[in-house]
Amino acid sequence: MEKEIIYTSEAPAPIGPYSQAVKAGNTLYISGQIALDAETGDLINENITEETHAVMKNLEAVLRQAGYGFENVAKCTIFIKDMGQFATINDAYGQYFKVNPPARETVEVSRLPKDVNVEISCIAVK
């Protein structure tokens, strides 16, 4: 099976040796996104709600570039620095999955790239 590398300038460029997303067959694997502004490279992290929405917007840009949407997301992984922020992150995240939300796990970690508070990856299927 061939794989297709997905890239959009509407989401932050990779900060390491990885792709924004890889499409294999009808499955799209999106690398973890953080709250970086795609145009400026600045972090968007005034508060955890704003940061989570920025992460979701970056995921949305990659999904759109591949011809997918949040309705196609089958699985997400959320990495957070503070499980005490889970409810706030969950509220923002949930706005993107109103019906039939994907499978998911949330993991508290000690540190994330650029010292952000939340990183989310996902897998989408058509």
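1. The model under review is a predicted one. The cysteine sulfur closest to that of Cys-76 belongs to Cys-122, at 4.8 Å, which is too far for a bond.

2. Cys-122 is likewise in no disulfide, its nearest cysteine sulfur being that of Cys-76, 4.8 Å away. With 3% relative accessibility, Cys-122 is also classed as buried. A disulfide would require the two sulfur atoms to lie within 2.5 Å. The structure as a whole holds zero disulfides.

3. How many residues does helix α1 have, and what does it span from its first C-alpha to its last? Helix α1 covers residues 48-65, which amounts to 18 residues, and its end-to-end C-alpha distance is 26 Å. That value is close to the 26 Å expected at 1.5 Å a residue.

4. At the start of α1, a side-chain oxygen of Asn-47 comes to within 3.1 Å of the backbone nitrogen of Thr-49. After the helix comes Gly-67, with a positive phi near 85°.

5. The buried residues of α1 include Ile-48, Val-55, Met-56, Leu-59, Val-62 and Leu-63.

6. Which elements cover the buried residues of α1? The cover includes the strands β1 (3-6), β2 (21-24), β3 (27-33), β4 (73-80) and β6 (118-125), together with helix α2 (86-94).

7. Most residues other than glycine have a negative phi. Asn-100 is a non-glycine residue with a positive phi, near 50°. Where is Asn-100 found? Asn-100 sits in the loop between α2 and β5 (103-108). Its relative accessible area is 67%, so Asn-100 is exposed.

8. A positive phi, about 60°, also occurs at Lys-114, although this residue is not a glycine. Lys-114 belongs to the loop between β5 and β6. Is Lys-114 to be classed as buried or partly exposed? With a relative accessibility of 47%, Lys-114 counts as partly exposed, because exposed residues are those over 50%.

Technical notes. Residues numbered from 1 in each chain as written. Predicted model: local features only at pLDDT ≥ 70, side-chain atom pairs only at ≥ 80, totals over all residues. Heavy atoms only, no water. Helix = DSSP H or I, 4+ residues; strand = E, 2+ residues; numbered from the N terminus. Expected span 1.5 Å × (residues − 1). Buried < 20%, exposed > 50% of the residue type's maximum accessible area, 1.4 Å probe, protein only. Contact = heavy atoms within 4.5 Å. Polar contact = N/O pair within 3.5 Å; in protein donor to acceptor, adjacent residues only side chain to side chain.
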